[in-house]
Amino acid sequence: MTDQTQHTAAGPATTRARRKSQGVLGLRGRDITLMGIVLFLTLAAPFILNPFPATSGMAQFNAGYPDLMQRFVIFGIFAIGFNILFGLTGYLSFGHAAFLGVGSYSAVWMFKLLGYNIVPGLVLSVIVAGLFSLVIGYISLRRSGIYFSILTLAFAQMSFALAYSVLTPITNGETGLQVYTSDPQYLQSADAPSIPHLFGLEMRATETLRLGGWSFDLNFGYYVCAVVMVLAFYLAIRIFRSPFGMMLRAVKSNQQRMNYTGLNSRPYTLAAFVISGMYAGLAGGLMASMDPLAGAERMQWTASGEVVLMTILGGAGTLIGPVLGAGLIKYFENIFSKINDGVLHQWFAFMPDGIEDLLVGIVHPFVGKGWHLTLGLLFMLVVIFLPGGLVEGGQRIASVFRRDRKAGGAEARAAAKRNVE
Amino acid sequence: MSSSNYSRRRLLKTGAATGAALATPTLFTGAAWAQEQGFTNAPTGGTVTLGFNVPQTGPYADEGADELRAFELAVEHLNGEGDGGMLSTFSSQALEGSGILGKRVEYVTGDTQTKSDAARASARSMIEKDGVIMISGGSSSGVAVAVQGLCQEAGIIFMAGLTHSNDTTGKDRKANGFRHFFNAYQSAAAMGPVLESLYGNDRKAYHLTADYTWGWTTQESMQAATEALGWETVNNVLTPLASTDFSSYIAPVLQSGADVLFLNHYGGNMVNSLTNAVQFGLKEAQANGKDFQIVVPLYSELMARGAGQNIAGIPGSQNWDWKLENQLGEKYKGTNDFVQAFGEKYGFPPSQAAHTCYVQTLLYADAVQRAGSFNPCAVVEALEGFEFDGLGNGPTLYRAEDHQCFKDVVVVRGKENPENEFDLVEIVEVTPTEAVTYPHDHPMFAGGELGECNPGA
Amino acid sequence: MDAIFLQILNGLDKGSAYALIALGLTLIFGTLGVVNFAHGALFMIGAFCAVTLSRLLSLSFTTIDETRTDFLGNPMKVETPYAEWLFGPEFGAAIIDWTVPLSILFAIPVMLVVGLVMERGLIKHFYKRPHADQILVTFGLAIVLQEVIKYFYGANPIPTPAPELFRGSFDFGALLGFEANAVIYPIWRAVYFIFSLTVIAAVFGFLQFTTFGMVVRAGMADRETVGLLGIDIDKRFTIMFGIAAAVAGLAGVMYTPINPPNYHMGMDFLVLSFVVVVVGGMGSLPGAVLAGFLLGILESFASTAWAINLVPGINQIIIYLVAIVVLLTRPRGLMGRKGVMEE
């Protein structure tokens, strides 16, 4: 796919030479391929994610319905942003969910005050999250390592606790902030839809294509999110490849040496922190746009932990890894949790009774209410056997087929390199 | 089977490039399928799918499991399997054990994780992917209000499970949502007279309140009810939801001059705060020359098991109890039939959470049957103002103005010497419906509007 | 005055739990350099050692009593614990009553084994991996352990009362000359406090006054040099992991009468104990203990009606607020060393 470490290896001279021969939109070689893959995956997701006919027993595993597809890309955005901070600088924030939360609250407030058009909501959510992360980042970045992690955690937990209780007038506490008919909505015109929309196009508008036994949902809201994610991904590539990105990597590899050369790293890390905070805010705004309700649990430490897990699971420091990690975790949360005993019995119904019960008994602890168990096991397996995350797994498989480790293992090497550092 | 679109604007017409390119004319769109009956997820084949959205992970997983058992039982009975449970005692005899409107009932389950976000995600997947026509369940008010709002937008009926906040049928009431469970106001109204007869008119109350909406409304209701008796409220201290240890909140109580402690806590909070209060000797203490008392406005008998011996003698309120018919007779018929069916299948008596979920499922099915249509608006019409009996609570009314059920409220007390872990409480008194009825525009419930029923599509 | 004294007391027992967990976390971090997110789960497993023992002791055989009926109208089944049948009703009942203290004997070997298996089987392979990987793998392990416990014991809290003798409370204030009923304190919490002081003293004594402890301390300071001296430091560190697990487990066992244990109690404590460790200073054992008690006491003070009226919501955020202030004024926590976890 792509070799993102080449800059560090190649040095500034080659960089300049390369930049002259820039390709499409400032992307070169493998980045164009990577961008193309992401573009294809997001656009074709409604088809790729529904591989089983809707009437078959395997339809349980279909993930191509609007809500989950939206979640995939929204958490993809969140993880891409988080990776700009963690993957590049190595600063492990345990409080990024707070930015997602304020993003959601800002967007819903825009719905309440102005109207259901999502544009003002998205703009405000990015701005507010940016300001919020500027404040928190400015304070937290005075420390590094685990002290930084705990500072961000502390800020996020305080935000959560206050949003749930004392700040209820602003956040609507336990029930979550939502739009009531009594809200002013000053810019809401009479004929505009009374659900989130983009200049009249409803987020929830869905066209279902039926093709034999298959059915595919083409949802407008999903494509809005997908376009935003593609843009976010593009921006992330540009950041990764820019001198700024290189500076951030220098912070990760040896901050001390960097400081000795007279460079102050703080503005760079702060910029990375704010950018990733704005990504989180954007994700939060999109979540509220798809489903206009913002709950305080979005800011809890478990939510912050989730994005850390997504990033590491996919492959921290790689471009596509966080997106894959986000997809995997959301898939488990939404698909595995819905497999109940009734479904299991349906699957194994063709077996003789005794064996059917035995199989159901074996699978039962891992699905439905046991989906947490499967997720925990998965974390352990991935991190034990694939230190570079899913990306490394993908690369290993690819290199087996290609027998061309040099071309294939770049992202894996980036991940492996992280482990040496 | 699934057709997931719940609001169909013509996406293609607007020329969204990708959609248009992919939707080649040889395909026909789902809109032609499900919209023939003009509402979301209209069942097409020989089956109808219901969605049961309960907490399966997190602290309320056991309550969710009990709700799920009740749902499974209800589905069995609706499909004519098992002994039929309450179908025989239910005053409306529209259901015949042949599914709903002749369609076999199927169900899907989901995990709310007791978080409104996760609950809505799960509910949306049920609506979009599984094509459910009704969603039920929930074990907290935050989740219930969130999912109720979603169902309203989507054009699905929501039959709330265990949710006790006034808001569910007050500020956040919705035309597509119905609640059988009682609420904080009714708890307080029911407890008032009982507290008076137990502890008299001259008491000083100290409140510990979980610091979120449910806690506040419960405390507000209890304070109003007890002050009407002439009690004085000494203090109200808010405790964080995340608290696991309440010692620093409980320690100052004895010195405050109060002689009754209200624990406006639920679930894990309630178990811990009650355990702590007993540790600090409040149960044996004396204050103002009287025995000190502890009150827990809402009992959750499953969680109460966690408090063990500590709940002995502590009064609280319940929506229903499995011993009702045995102890108070024929008026609460249906109770024994349900307990029998549940006990035979699972080996222990059902909780009030299980009961309300079972009843809600039956009520929904019955409303569809009587309306002759799955159309949410027809169901709403059939349920509004519906009076029924024989579902364990005695004569009950589904009030049209706010979709709240009005029925007797059970006041219970922790048993001194329970014989087993399912027999932790004894019934003190049943407060009649009239005493717990309030006008639908009561200040504690004001600010909400049902709106129009939404059939979706 | 008595109110202040009361809140200090309340803070001490909360602080005891924080201190014990933080102590174990710091032991593991200081010796092995591993950030152990499964440490909360060890606390929880300890608590369930007590639950398991109480289940074992109350294992019963069933006889059918025709004279009474159960809720379905069938003849009542009467359960008699084997313990009562084995040791006679009185001594048997006494054993059941003393389940929690007895669980200490049961939990120490169990927790040592759990700790050793965890270290040899999993953690060992993560010494050289980045902290992020350690966090992910131990977090995964914590979820797995938690779910296994939930599978067997359910999600609801399980009552595990203290022995009859230690139930209830006593008037602590009267001993100190305050007026009657001013300072009431539960007996078991006092027991818990004394117990945790004993454990903390034992751990420090072990490290300070035994040869084994001396070697471990040397290894913590400079692992390589100790290794060069021909000492198998890894083996000793493994044993320290077992001891840290046992400390967390004991904290869990004795905590059960204070609050009924449930499967997610470990997670509830995990974040707080990390804050405690960091406030104390990564790698500093006295720092962990000091910060544990300090945060416990501050939390208690913030919970008073007076504090809440002064600053609404202060009880929700006090711990985090203190953590922020400490970290901004003292870069490495209260007693942290330079260069630990700052890369």
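In the predicted model, chain C comprises 15 helices and four strands. The radius of gyration of chain C is 22 Å, close to the 20 Å that the globule rule gives for 343 residues, so chain C is as compact as a globular protein of that length. The C-alpha trace of this chain extends over about 75 × 50 × 35 Å along its principal axes, and buried residues account for 52% of its 343 residues. Of the contacts in chain C between residues at least 6 apart in sequence, 74% connect residues that are at least 24 apart.

The contact between chains B and C draws on 34 residues from chain B and 34 residues from chain C. On the side of chain B that touches chain C, at least two residues each are supplied by α3 (61-78), β8 (232-239), α8 (247-250), α9 (268-279), α10 (301-307) and α12 (335-346) of chain B. By residue class, this side of chain B consists of 16 nonpolar, 15 polar and three charged residues.

Within chain B, three strands form an open sheet with antiparallel pairing, in the order β13-β17-β18. Its edge strands, each of which pairs on one side only, are β13 (315-318) and β18 (425-431) of chain B, and neighbouring strands of the sheet are turned against each other by 35° on average, direction ignored. Strand β13(B) is joined by four bridges to the antiparallel strand β17 (residues 409-414) of chain B; Gly316(B) has Val412(B) as its bridge partner in β17(B). Helix α6 (residues 184-199) of chain B lies across β13, β17 and β18 of chain B, and runs at about 50° to β17(B).

Conventions:
Residues are numbered from 1 along each chain as its sequence is written. Chains are lettered from A and ligands numbered from 1 in the order in which they are written. This is a predicted model: local features need pLDDT of at least 70, side-chain atom pairs count only at pLDDT 80 or more; totals for chains, interfaces and linings use all residues. The radius of gyration is taken over C-alpha atoms; the globule rule is 2.2 Å times the number of residues to the power 0.38. A residue is buried if 20 or more other C-beta atoms lie within 10 Å of its own, exposed if 12 or fewer, and partly exposed in between; C-beta atoms are placed from the backbone. Two residues are in contact if their C-beta atoms, placed from the backbone, lie within 7 Å. Ala, Val, Leu, Ile, Met, Phe, Trp, Tyr, Cys and Pro count as nonpolar, Asp, Glu, Lys and Arg as charged, and the others, Gly among them, as polar. Two strands pair if DSSP finds at least two bridges between them. Axes are lines fitted to C-alpha atoms, for helices over the stretch in contact, and angles run from 0 to 180 degrees between N-to-C directions.
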